[in-house]
Amino acid sequence: PPVSRGHEMKTNPVKEKLRNGEPTYGTWLSLGDLYATRVLGRLGFDWLTLDIEHSAIDWSQATMIFAAVADAGCVPLARVPEGSHHYIKRVLDAGAWGIVVPMVDTVEQARTAIAAAKYPPVGNRSAGGGMHSMNFDATAGEYYAQANDEILVVLQTESPEGVENAEEIYSLPGCDAIFIGPNDLRFQMRGPDGVDPSAEEHEAAIQRVIEVGKAVGTPTGIHAMDPESALERAEQGMQFLAIGSDLRMMTERAQQVVEQVLPQEVASDVARY
């Protein structure tokens with residue numbers, strides 16, 4: 001293993017901000033592009049989350065992205081496809097500083113995800129690799145000693161069942177924050193006839209998450225589509241706030257340009273990004 005260079009392992013400023021009651025802001029990396037990531041990593045976001053759930057991103061690509069974000073002085077996170085031991089171990093060993101776990105509906109799912117992110121005796125994460133410690137500017141030994149304190153575990157509430165089990169899930173030791181995927185929540189709240197919930201019903205579920213988070217002392221957050229919405233959620237007490245994505249930012253700006261120069265030819269819809 002590399003010898004220590006006489007400085008301490010990096011600490012996770014996002015965990016610190018969340019503990020101190022401060023809001024944190026980031027965006028989603030959907031493109032998996034190294035150049036785009038290096039640019040975004042230097043702009044001042046608190047964190048950047050690579051979306052391995054919905055984007056076709058492979059492991060070597062993910063490792064480069066996490067390294068680029070960490071080296072730029074930002075915090076690299078990964079949204080895993082599911083909260084299994086396998087996926088969580090792989091993204092953390094590939095150098096992510098934390099995980100965002102989708103579709104956490106039950107306490108059992110939450111416990112499994114938290115355990116996978118923690119080395120024994122707290123959890124059951126397997127020890128090995130060297131990319132994780134490199135991204136913290138640390139030796140493997142330093143990383144193994146401190147990783148349990150620095151890895152960020154964010155669990156997603158995306159269904160009526162998740163909202164129902166909120167208090168028990170949010171109270172678990174090792175649950176650092178809760179994140180709402182508003183689109184998935186809307187889809188999961190559909191009635192048997194396939195009709196979406198009303199805007200009021202959807203918002204009531206979001207407010208319930210905020211309320212439970214405050215009651216048990218666990219930070220909450222949501223995916224916002226614009227800065228105004230993110231700031232509004234921060235006012236309501238949310239602390240883990242995603243604003244759009246690299247893909248959405250690129251598409252929105254490109255669409256504005258095209259609308260200006262070719263107004264009659266534009267018939268696209270960027271909402272899907």
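Which residues of helix H4 (residues 85–93) are buried? In this predicted model, they are Ile88, Val91, Leu92 and Asp93. An α-helix has 3.6 residues a turn, so residues three or four places apart point the same way. The cover over the buried residues of H4 includes helix H3 (59–71), strand E3 (75–79), strand E4 (98–101), helix H5 (107–116), helix H6 (131–134) and helix H7 (140–150). After H4 comes Gly95, with a positive phi near 115°.

The aromatic rings come next. A search of the whole structure gives 10 aromatic pairs. One of them is Trp97 with Phe136, a stacked pair with 4.0 Å centre to centre and 10° between the planes. Trp97 belongs to the loop between H4 and E4 and Phe136 to the loop between H6 and H7, so this pair ties together parts that are 39 residues apart in sequence. Trp97 is buried at a relative accessible area of 3%, and Phe136 is buried at 1%.

Another pair, Phe179 and Phe240, is edge-to-face, with 5.5 Å centre to centre and 90° between the planes. Here too distant parts of the chain are linked: Phe179 is in strand E6 (residues 177–180) and Phe240 in strand E8 (residues 240–245), 61 residues apart. Both Phe179 and Phe240 are buried.

Trp97 and Phe136 also belong to one aromatic cluster with Tyr119, Tyr143 and Tyr144. Elsewhere, a ring meets a charge: the charged end of Arg190 sits over the ring of Phe187, 4.0 Å from its centre.

As for the cysteines, the whole structure has zero disulfides. Cys74 is buried, with a relative accessible area of 3%, and Cys175 is buried, with 9%.

Definitions and conventions. Residues are numbered from 1 along each chain as its sequence is written. This is a predicted model: local features need pLDDT of at least 70, side-chain atom pairs count only at pLDDT 80 or more; totals for chains, interfaces and linings use all residues. Side-chain values use heavy atoms; hydrogens and water are left out. A disulfide is a pair of cysteine sulfur atoms within 2.5 Å. Buried means under 20% relative accessible area, exposed over 50%, partly exposed in between (1.4 Å probe, protein chains only). Helices (H or I, at least four residues) and strands (E, at least two) are DSSP runs, numbered from the N terminus. Contact means heavy atoms within 4.5 Å. Rings of Phe, Tyr and Trp (its six-membered ring) pair if their centres lie within 6.5 Å; planes under 30 degrees apart count as stacked, over 60 as edge-to-face and the rest as tilted. A charge sits over a ring if NZ of Lys or CZ of Arg is within 6 Å of the ring centre and within 35 degrees of the ring normal.
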